[in-house]
Amino acid sequence: MSLLQKVKNFVRSKSIHVAYVDVGSCNGCDIEVLACLSPRYDIEQYGIYVHNNPREADILLVIGAYTPGWEEKLRSLWDKIPDPKVAIAIGNCPISGCVFNRPHSLIDPPVAKHIPIAAQVPGCPPRPTEILSAVLAMAPVVFKDYEVKKR
């Protein structure tokens, strides 16, 4: 990799674009993700920007207890994110189903059965600092050889 490509990768790694989807939660994790945008945590100071459009995202945050109704929607959303991309499961619900994982329930945990999950942030709900740390930890994975993979 040339020096120019290394510089481009470094600059891009300081501009992480995130989209998030709530596949059916109690909104506890949703509130914690939104708290990351507040002045107290201010994720934009780290170069992390939240988008509603998956075509602009590098990282997908998945929140909530996965239900079969999300099968096609989540796969479609995942496919719209350009490569290289990663997904992070936020909270216990997408990881294990948490309190919603009961016999005869309509949830189908974990989300990792349906899309590839690169990292998990356990907690009910996880702290904003843990969410921020997970996103920052995934940046090198997303931007490794970024120029070579071609977006």
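The protein chain in this predicted model exposes about 8100 Å² of surface, and carbon and sulfur atoms supply 55% of that area.

Let me go on to the fold. The protein chain has 6 helices and 5 strands, and if you follow the elements from the N terminus on, they run α-β-α-β-β-α-β-α-β-α-α. When we take the contacts between residues at least 6 apart in sequence, 82% of them join residues that are at least 24 apart.

I would like to begin the detailed part with strand β3, which covers residues 59-63. How many of the residues of β3 are buried? The count is 5 of the 5, so β3 is largely enclosed by the rest of the structure.

Which strands pair with β3? On the one hand, β1 and β3 run parallel and are joined by 5 bridges, and here Val21 stands opposite Val62 of β3. On the other hand, β3 also pairs with β4, again in the parallel sense and over 5 bridges, and the bridge partner that Leu60 has in β4 is Ala87.

In soluble globular proteins, nonpolar side chains tend to be buried together. The largest nonpolar core here has 23 residues, and those that touch the most other members are Ile16, Ile59, Leu61, Ile88, Ile90 and Val135. At least two residues of this core come from each of β1, α2, β3, β4, β5 and α5, and the largest share, 8 residues, is supplied by α5. Apart from this core there is another one, made of 14 residues, among them Tyr66, Leu77, Val111 and Ile115.

Leaving aside residues up to four places away in sequence, Val135 touches Ile16, Val18, Ile48, Ile59, Leu61 and Ile88.

What covers the buried residues of helix α2? Those buried residues are Gly28, Cys29, Asp30, Val33 and Ala35, and their cover includes β1, β3, β4 and α5.

Next, please look at Ala119, which lies in strand β5, residues 119-121. Is Ala119 buried or exposed? Its relative accessibility is 14%, and because the limit for a buried residue is under 20%, Ala119 counts as buried. Not counting residues up to four places away in sequence, Ala119 touches Ala87, Ile88, Ala89 and Met138. With Ala89 in particular, the separation is 30 residues in sequence, while the two C-alpha atoms are 6.4 Å apart in space.

Now a few words about aromatic rings. The structure holds 0 aromatic pairs, but there are lysines placed over rings: Lys73 lies over the face of Trp70, at 5.8 Å from the ring centre, and Lys85 lies over the face of Trp78, at 4.6 Å from the ring centre.

Where do we find cis peptide bonds? One of them joins Asp83 and Pro84, with omega at about -5°, and Pro84 lies in the loop between α3 and β4. Another joins Cys124 and Pro125, with omega at about -10°, and Pro125 is found in the loop between β5 and α5.

As for positive phi values in residues other than glycine, Asn27 has a phi near 80°, and this residue is found in the loop between β1 and α2. Asn27 is partly exposed, with a relative accessible area of 37%. Asp42 has a phi near 40°, which is again positive, and its place is in the loop between α2 and β2. At 30% relative accessibility, Asp42 also counts as partly exposed.

Key: Residues numbered from 1 in each chain as written. Predicted model: local features only at pLDDT ≥ 70, side-chain atom pairs only at ≥ 80, totals over all residues. Heavy atoms only, no water. Helix = DSSP H or I, 4+ residues; strand = E, 2+ residues; numbered from the N terminus. Buried < 20%, exposed > 50% of the residue type's maximum accessible area, 1.4 Å probe, protein only. Contact = heavy atoms within 4.5 Å. Core = buried A, V, L, I, M, F, W, Y, C linked by side-chain atoms within 4.5 Å. Areas by Shrake-Rupley, 256 points an atom, 1.4 Å probe, with all protein chains shown as cover. Phe/Tyr/Trp six-rings, centres within 6.5 Å; stacked < 30°, edge-to-face > 60°. Lys NZ or Arg CZ within 6 Å of the ring centre and 35° of its normal. Pairing = 2+ DSSP bridges.
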